[in-house]
Amino acid sequence: MSDAKELESIAIRAKDIKKTFVKSGLISSIEEKVIDGLSFVVKRGEIVGVVGPSGSGKSTLGRIVAGLEGYLGSVKVLGREVRDWVRKDRRGFARSVQIVFQDPLSSIDPLYKIGTYLYEAIKIHYPDRKRDWRKFAMYYLELVGLSGELISRYPKQLSGGQRQRVAIARALMVQPEVIVFDEVTSSLDRRIERQIVGLIKRLQGQFNWSGLFITHDLALADELCQRIINL
Ligand code: ADP
Ligand code: MG
């Protein structure tokens, strides 16, 4: 495939990724191979599922793709090697690749309003929108099915499903090309889980980013994704 064609059609290309953690004990340290030679491709506009039992390396893979973890082998996002891109321009990389975790709002300062949480991302990635940040933030809240009024609420005043929508809104706000979802529905009940999966599906159709959907639940991945990576 020519370089231009590759860039046009491929969002993520991973070749022979390896990741080892060293666990040091009292007497000796042991190496744990968490990922041992994994290769895969995510096409543009595709959400690929990442499935496996607890401890199988799903989050590690997600963190590698999102530039948060070192690795051996090659991971190219939009044709650029992640480790080089992150080293040269972490902010630019984060604008292209966002990651959403299980319940990110549970760990923010409880005195932060939802608006502050969203404003942070605007300040980092779109400083020229600081003046009309409220409009910007409210637009994205409405995009994920929430009322814009929520910018003046605190995380504790929101349900788990609402909090996860806010986290997705913040990721979208950055207008990324790739989004990694790591167990984003795992702390929600079934009914809300389905809503969030429906939301992700709808937003993908609307904005056409590519994604990795990490879950321990094969049936859920099957519902959202045409292709699955089994770890
Ligand atoms: P999963 O998300 O599939 O449950 P993880 O990627 O979180 O799996 O973890 C895979 C394995 O790697 C586990 O055995 C875990 O203990 C280990 N691991 C993950 N992160 C670290 C780390 N920072 N240091 C040492 N070991 C780690
Ligand atoms: Mg995990």
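Analyst: Leaving aside residues up to four places away in sequence, serine 56 touches Val34 and Leu231, where contact means heavy atoms within 4.5 Å.

User: What kind of model is this, and how are things numbered?

Analyst: This is a predicted model, in which local features need pLDDT of at least 70 and side-chain atom pairs count only at pLDDT 80 or more, whereas totals for chains, interfaces and linings use all residues. Residues are numbered from 1 along each chain as its sequence is written, chains are lettered from A and ligands numbered from 1 in the order in which they are written, and side-chain values use heavy atoms, with hydrogens and water left out.

User: Back to serine 56, then: where is it found?

Analyst: Serine 56 is in the loop between S3 and H2. The labels refer to DSSP runs numbered from the N terminus, with helices (H or I) of at least four residues and strands (E) of at least two.

User: Is serine 56 buried or exposed?

Analyst: Serine 56 counts as buried because its relative accessibility is 15%. Buried means under 20% relative accessible area, exposed means over 50%, and partly exposed is in between, with a 1.4 Å probe and protein chains only.

User: What lies 2.6 Å from a polar atom of its side chain?

Analyst: That is the backbone oxygen of proline 53.

User: Which residues surround ligand 1?

Analyst: The surrounding residues are Phe21, Lys23, Glu32, Val34, Pro53, Ser54, Gly55, Ser56, Gly57, Lys58, Ser59 and Thr60. A residue is counted as near if one of its heavy atoms lies within 4 Å of the molecule.

User: How much of ligand 1 does the protein cover?

Analyst: On its own, ligand 1 has 560 Å² of accessible area, and the protein covers 63% of that. Strand S1 (10-24), strand S2 (29-43) and helix H2 (58-65) each give two or more residues to the shell, and H2 provides the largest share, three residues.

User: Changing topic: what does the largest nonpolar core look like?

Analyst: The largest nonpolar core has 44 residues, and those with the most contacts inside it are Leu141, Val166, Ile168, Leu172, Phe181, Ile200 and Phe213. At least two residues each come from helix H5 (114-125), helix H6 (133-143), helix H7 (160-173), strand S7 (178-182), helix H8 (190-207) and helix H9 (218-224). H7 supplies the largest share, seven residues. A second, separate core has 30 residues, including Ala11, Ile17, Leu61 and Ile214. Such a core is a set of buried Ala, Val, Leu, Ile, Met, Phe, Trp, Tyr and Cys residues joined through side-chain atoms within 4.5 Å.

User: What does valine 166 touch?

Analyst: Beyond residues up to four places away in sequence, valine 166 touches Leu105, Ile114, Tyr117, Leu118, Leu141, Leu146 and Leu158.

User: Which helix holds arginine 163, and is this residue buried or exposed?

Analyst: Arginine 163 lies in helix H7 and counts as buried because its relative accessibility is 17%.

User: What about phi in glutamine 175?

Analyst: Glutamine 175 has a positive phi of about 55 degrees, although it is not a glycine. Most residues other than glycine have a negative phi. Glutamine 175 is in the loop between H7 and S7, and it counts as partly exposed because its relative accessibility is 45%.

User: Which side chain has a polar contact with glutamine 175?

Analyst: The side chain of tyrosine 140 does, at 3.1 Å. A polar contact is a pair of N or O atoms within 3.5 Å; within protein, one must be able to donate a hydrogen and the other to accept it, and residues adjacent in sequence count only if both atoms are side-chain atoms. Arginine 95 is 80 residues away from glutamine 175 in sequence but 7.0 Å away in space, C-alpha to C-alpha.

User: And where is glutamate 183?

Analyst: Glutamate 183 is in the loop between S7 and H8. Its phi is also positive, near 50 degrees, and the residue counts as buried because its relative accessibility is 12%.

Note on methods
Areas by Shrake-Rupley, 256 points an atom, 1.4 Å probe, with all protein chains shown as cover.
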